[in-house]
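My notes are set down in the order I checked them.

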Amino acid sequence: MGKHVVAAVSELPPGSRRLVTVRGRPIAVFNLEGEFYALINRCPHQGAGLCEGDVTGLITADGPGRYRISRKGEIIRCPWHGWEFDIRTGQSWCEPSRIRTRKYPVEVANGASLVKGPYLAETVAVSVEQDYVVVEV
Amino acid sequence: MNAITAGAIDCDIHPGVPGIRTLLPYMNDHWQDAFVSRGADDFDLASYPTAAPITCRDDWRPTQGKPGTDFTLLQSQALDAFGTRFAICNPLYGGAVAVSESMGAAICSAINDWMRDQWLSRDPRLRASIVVPAQAPHLAVEEIERLAGDHRFVQILLPAAAELLYGKSYYWPIWQTAVKHGLPVGIHAGSMFRYAPTSNGWPSHYLHDYVSQSQVFEDQLLSLVTEGIFVRFPELRIVLLESGVTWLPGFLWRHRKTWRGVRAEVPWVDRPPPDIIRDHVRLTMQPFDAPPDPQVVAEMCDMIGSDDMLLFATDYPHWQFDATDAVPIGFPPDLLRKAMFDNPMSAYPRLKETVA
Ligand code: FES
């Protein structure tokens with residue numbers, strides 16, 4: 001495991017996502033209202049680029065025909081067969097304990113601490129004035 | 001007597017309705033007059049032509065009259081021969097499918113009273129379904145209310161193909177009344193023929209019509225689940241009668257697979273559809289539709305994924321098997337015990353009132 005700088009915080013505003021490659025793994029990083037989450041960009045069903053699907057809310061119901069949407073922007077829907085995953089946990093909606101996509105720890109670190117290490121900034125140029133998104137892979 | 005089935009509860013037998021003349025004493029003046037003056041008779045279901053092999057096994061065919069109409073024959077062939085403890089009578093006749101709502105209701109009421117008079121009161125092993133005019137849910141509710149107090153009626157009977165899919169709100173009053181009285185609803189193979197029996201028009205042959213019956217059962221299950229009927233009426237229990245069995249595992253798998261991708265369209269279906277169906281739906285075991293291969297039969301039972309769903313039935317006098325071989329070869333013995341007794345007892349709570 002190593003900590004990898006994948007983007008400056010300023011490049012990943014709330015509601016956005018970015019696909020990066022870390023140690024050869026395709027990983028999608030999401031900003032949900034200032035909190036960052038990272039999921040492997042591979043659907044546990046048949047391997048689609050999960051994080052290229054639509055980001056939506058959670059649709060539930062108070063009874064037949066009574067729709068409700070909550071947690072807007074927190075659900076990713078696989079572009080191939082529509083399975084829904086919780087961006088915060090990587091768990092599927094249908095079978096959260098059995099079907100999940102891999103999740104990686106994310107933190108925000110400032111440039112000054114990054115320059116000291118032990119971070120690996122392979123593709124991102126780090127400057128001391130900025131904050132960065134760091135994924136542990 | 002068949003020792004294997006001794007003490008079993010037979011969840012699907014068919015006493016035959018001889019015709020309108022038999023039902024006249026159970027009709028009011030108006031309908032007696034109307035049927036006689038119009039000469040209207042023969043409301044037998046097109047789904048079960050009297051002379052067709054499926055409608056009656058050769059050695060069960062009475063020398064006179066229609067299949068299943070002879071009381072003592074039915075006693076010896078359907079009850080004594082299998083050692084049956086209880087058998088549930090599902091009369092199949094035109095009241096439930098007539099185009100006229102009020103005429104349909106009159107025929108259904110007459111059948112229910114005739115059933116009570118001529119069958120239930122003559123053999124304590126017999127129980128029956130309430131036949132209702134499915135074409136008029138408000139009249140169906142009246143009929144259920146009229147008879148629900150007699151606990152020898154243990155179920156409400158509907159045809160598999162009706163005027164609308166059973167998940168539509170039109171039918172809510174029937175589900176509500178069923179739940180109110182603790183009555184399961186039996187959905188029996190057969191059609192009102194308001195539409196072609198296949199989703200792509202009229203088939204040319206009886207073979208096609210009968211084999212394709214499982215499609216409409218799939219549609220009705222899909223409708224009940226996706227419209228949220230089991231959410232609205234959590235106590236509702238459905239029994240599929242003469243639906244066949246082995247189509248079920250593939251259907252459950254396909255239902256679940258597709259639900260995973262599009263479940264947001266029906267978010268009240270908040271758990272896998274097969275789990276909902278396993279909780280709310282039962283099936284009678286004839287026809288079973290598997291080769292006489294113990295391994296295949298055992299695998300099929302396993303794939304259904306529940307020991308609670310199957311209910312023993314002979315489907316008398318319909319021709320599904322020969323002699324008294326009502327149990328598919330290789331049917332797992334533990335499961336058979338449940339299907340013959342425990343499962344019917346829990347599917348039909350009213351049976352418990354007689355059995356200590
Ligand atoms: S590959 Fe993602 S749902 Fe099938």
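**Ground rules.** I am working with a predicted model, in which local features need pLDDT of at least 70, side-chain atom pairs count only at pLDDT 80 or more, and totals for chains, interfaces and linings use all residues. Residues are numbered from 1 along each chain as its sequence is written, chains are lettered from A and ligands numbered from 1 in the order in which they are written, and side-chain values use heavy atoms, with hydrogens and water left out.

**Chain B, overall.** I looked up the secondary structure first. Chain B has 13 helices and 8 strands. Both are DSSP runs numbered from the N terminus: helices are H or I with at least four residues, strands are E with at least two. The radius of gyration of chain B is 19 Å, close to the 21 Å that the globule rule gives for 356 residues, so chain B is as compact as a globular protein of that length. That radius is taken over C-alpha atoms, and the rule is 2.2 Å times the number of residues to the power 0.38. Along the principal axes, the C-alpha atoms of chain B fill a box of roughly 60 × 50 × 45 Å.

I then checked burial. In chain B, 58% of the 356 residues count as buried. Buried means under 20% relative accessible area, exposed over 50%, and partly exposed in between (1.4 Å probe, protein chains only). Of the contacts in chain B with a separation of 6 or more, 80% join residues 24 or more positions apart. A contact means heavy atoms within 4.5 Å.

**Chain A, overall.** I found 1 helix and 10 strands in chain A. From the N terminus on, the order is β-β-β-β-β-β-β-β-β-α-β. The C-alpha trace of chain A spans about 55 × 25 × 20 Å along its principal axes. Of its 137 residues, 44% count as buried. Residues 24 or more positions apart make up 45% of the chain A contacts with a separation of 6 or more.

**Where the chains meet.** I went to the interface next. Here 14 residues of chain B are in contact with 19 residues of chain A. The two chains bury about 1,300 Å² between them, and 60% of that is on carbon and sulfur atoms. Buried area is the accessible area (1.4 Å probe) that two parts lose on being put together, summed over both. Which residues supply 49% of the area that chain B buries against chain A? They are Arg260(B), Arg263(B) and Trp268(B), and they supply more than any other three residues.

**Gly16(B).** I found Gly16(B) in the loop between β1 (9-13) and α1 (20-23) of chain B. Gly16(B) counts as buried because its relative accessibility is 10%. Not counting residues up to four places away in sequence, Gly16(B) touches Pro67(B), Gly68(B), Thr69(B) and Trp114(B). I also checked Tyr48(B): Gly16(B) and Tyr48(B) are 32 residues apart in sequence and 11 Å apart in space, C-alpha to C-alpha.

**Ser243(B).** My last stop was another loop. Ser243(B) sits between β6 (238-241) and α10 (248-262) of chain B. Is Ser243(B) buried or exposed? Ser243(B) is buried, with a relative accessible area of 5%. Leaving aside neighbours within four places in sequence, Ser243(B) is in contact with Ser214(B), Phe217(B) and Leu283(B).
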